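Open the model in your viewer and keep the sequence panel beside it.

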Amino acid sequence: MGNQMNLYSKISNLFKKKSKKPLPIETLFTLPSPLPSWPAGEGFASGVIDLGGLEIRQVSEFDKIWAALEGGPANLGATFFEPSSIPEGFSMLGCYSQPNNKPLSGYVLVGKDVTTNDNNNNATLKPPTDYTLVWSSESLKIKQDGAAYIWLPTPPDGYNPVGYLVTGSPEKPPVDKIRCVRSDFTEYSGEIEAVIWGDVNANGISVSRSRSRNRGIQGTAVPTGIFSAQITNRANLDLPFLKNNGNANQDLMPNEDQINVLVQAYSPLIYFHPDEQYFPSSVEWFFENGALLYKKGEESKPVNISPTGSNLPEGGGNDDEYWIDLPIDNASKERVKKGDLASACAYLHVKPMFGGTFTDIAIWLFYPFNGPARAKIEFLNISLGRIGEHVGDWEHVTLRISNLSGELKSVYFGQHSNGVWVEASDLEFENGSNRPRAFSSLHGHASYPKEGLVLQGNGNVGIRNDSAKSKFSMDVGARCVVVDGVEPPWLNYARKWGPKISYNREDEIRKVKKVLPGKLKSVFDKIVRSLPNEVFGEEGPIGPKWKNSWIGDE
């Protein structure tokens, strides 16, 4: 407890401003509850990872170097830090930055050479030979706290810098302040993930957080937490990620007992809209309650599906040779459409990410039916008839957990064919626990981190995605099963979970326009024609295992 209080005091002392209203970054974010005790295992949550001769640790205590007080998200600026309390034997690889509109919540990696090379010629880390000053805030015409000088390390031959050094003085820093990394432990594959800071008056600099283009279970790039910078008239400033050469992903991953504890610690509470009619069910309930398998050319002879899906065809890919549909008789069809929340089960897929330094737990829910879409057109809310309806709906959220610390770092909320990553500091947590809330949108079942209206369109015209807390909810931790290892037969069904039925777009648009006042008809026509084609046809989805994110990133 004493160490935590000292850390809070230290963060508070980093920021001494005249402003009466503190910036969000002046608050240190921590998860609402302490981390659980992890069952015994291999390398998961041990605090250190060996990349094959280069050990890394995570440091989340910082000394403030400089702050811009304008520009960037919410025009609140950004702050630059260097890591402090670096463990003995480890070295800084670069500095950290984040926008001022969020609580301080990041980390950087520090490194240690653990090769057995006595003469140091082939060490995984070496100090730079010099520095180049690539940017200074001296002539910056915005509010700022102090001055900043950003230095690019000059690496020895065969080495690469993976981060910048930020100082508050124009004097060149000592070369032993930072380390460069042997080139075979680095990987150039970056792209911008999120903007940290930049301003029209920022002297040509744009600061961002990067991610690897080569993500997925086979990816070897390891994010460092260090900021990236693009600077006008400065070429070749792209910095690489670290690379895991250890080939030991499974040793870094949580074992079965640890996964169970992770699920209980971080599994979300999913809230459904109070007006929801179409709830999730277990796959077994769907099959047991009359779902039918159809074969092309034999549409008059559908067959019942076994509870585990053992009679579903495997292989063949998404070739439209087979599909699943609701029961034939109307009473059963309407009943199955509504799903069965009491039987609903979350299907979990656990996979390594970023060279095994993170664990992703993808949480999949199955809905027998996706309901019709609704539109907001200025002051009117109208149903879109058949638009948006389809049989079978697979939706998911994904937990991203550090294999160094076991901490939940972010959550992905799947939203139709896209989605969004939300950092832990921006999540809503359930009643002081570390379990995030997720809100399922009315009829469409897209997942959102906050309740409310998200409009898919422009201005006051678009498709409504409404979500709200209600008495209808699902505790994922209480009803879930990991489908890796012993896979249920239905997981290997590669075809669609609903029929493909096309209808006339113009007819559906015409029906809606009939009820609109004259001046809104053209507004609606413009926005609805901008929607993707799949919105205008009923077509069931493929199952989770056949989506790109199963082995890739979201």
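Two strands count as paired if DSSP finds at least two bridges between them. Helices (H or I, at least four residues) and strands (E, at least two) are DSSP runs, numbered from the N terminus. The model is predicted, so local features need pLDDT of at least 70 and side-chain atom pairs count only at pLDDT 80 or more, while totals for chains, interfaces and linings use all residues. Residues are numbered from 1 along each chain as its sequence is written, and side-chain values use heavy atoms, with hydrogens and water left out.

**Stop 1**

Select β15 (186-187) and β20 (residues 241-243). These two strands run antiparallel and are joined by 2 bridges. Within the pair, Glu187 stands opposite Phe241 in β20.

Next select Tyr188, in the loop between β15 and β16 (190-198). Which residues does Tyr188 contact, leaving aside its neighbours within four places in sequence? They are Asn160, Asp238, Leu239 and Pro240, where contact means heavy atoms within 4.5 Å. The side chains of Tyr188 and Asn160 also make a polar contact (3.5 Å). A polar contact is a pair of N or O atoms within 3.5 Å; within protein, one must be able to donate a hydrogen and the other to accept it, and residues adjacent in sequence count only if both atoms are side-chain atoms. Ser212 is 24 residues from Tyr188 in sequence, and the C-alpha to C-alpha distance is 8.0 Å.

**Stop 2: β3 and its partners**

Select β3 (residues 62-68), where 5 of the 7 residues are buried. Buried means under 20% relative accessible area, exposed over 50%, and partly exposed in between (1.4 Å probe, protein chains only). Strand β3 is joined to β4 by 6 bridges, and the two run antiparallel. Trp66 has Phe80 as its bridge partner in β4.

Thr79 counts as buried because its relative accessibility is 0%. The side chain of Thr79 makes a polar contact with that of Asn100 (2.6 Å). Ile65 lies 14 residues away from Thr79 in sequence and 7.7 Å away in space, C-alpha to C-alpha.

**Stop 3: aromatic rings**

Rings of Phe, Tyr and Trp (its six-membered ring) pair if their centres lie within 6.5 Å; planes under 30 degrees apart count as stacked, over 60 as edge-to-face and the rest as tilted. How many aromatic pairs does this rule give? The count comes to 32. Select Phe80 and Trp197: their ring centres are 6.5 Å apart and their planes stand at 90 degrees, so the pair is edge-to-face. Phe80 is in β4 (residues 78-83) and Trp197 in β16, so the pair ties together parts that are 117 residues apart in sequence. Both Phe80 and Trp197 are buried.

Now move to Trp490 and Trp497, whose ring centres are 6.0 Å apart with planes at 85 degrees, so this pair is edge-to-face. Trp490 has 2% relative accessibility and counts as buried; Trp497, at 0%, is buried too. Both belong to one aromatic cluster that also includes Phe286, Phe287, Tyr347 and Trp364.

**Stop 4: nonpolar cores**

A nonpolar core is a set of buried Ala, Val, Leu, Ile, Met, Phe, Trp, Tyr and Cys residues joined through side-chain atoms within 4.5 Å. The largest has 33 residues, and Tyr266, Ile361, Ile363, Leu399, Ile401, Leu408 and Leu427 touch the most other members. Elements giving two or more residues to this core include α3 (256-266), β26 (358-370) and β29 (390-402). Helix α3 gives the most, with 5 residues.

Select Ile363. Beyond its neighbours within four places in sequence, Ile363 has contacts that include Pro268, Tyr347, Leu399 and Val476. Apart from this core lies another, of 29 residues, among them Ala68, Cys95, Ile142 and Ile196.
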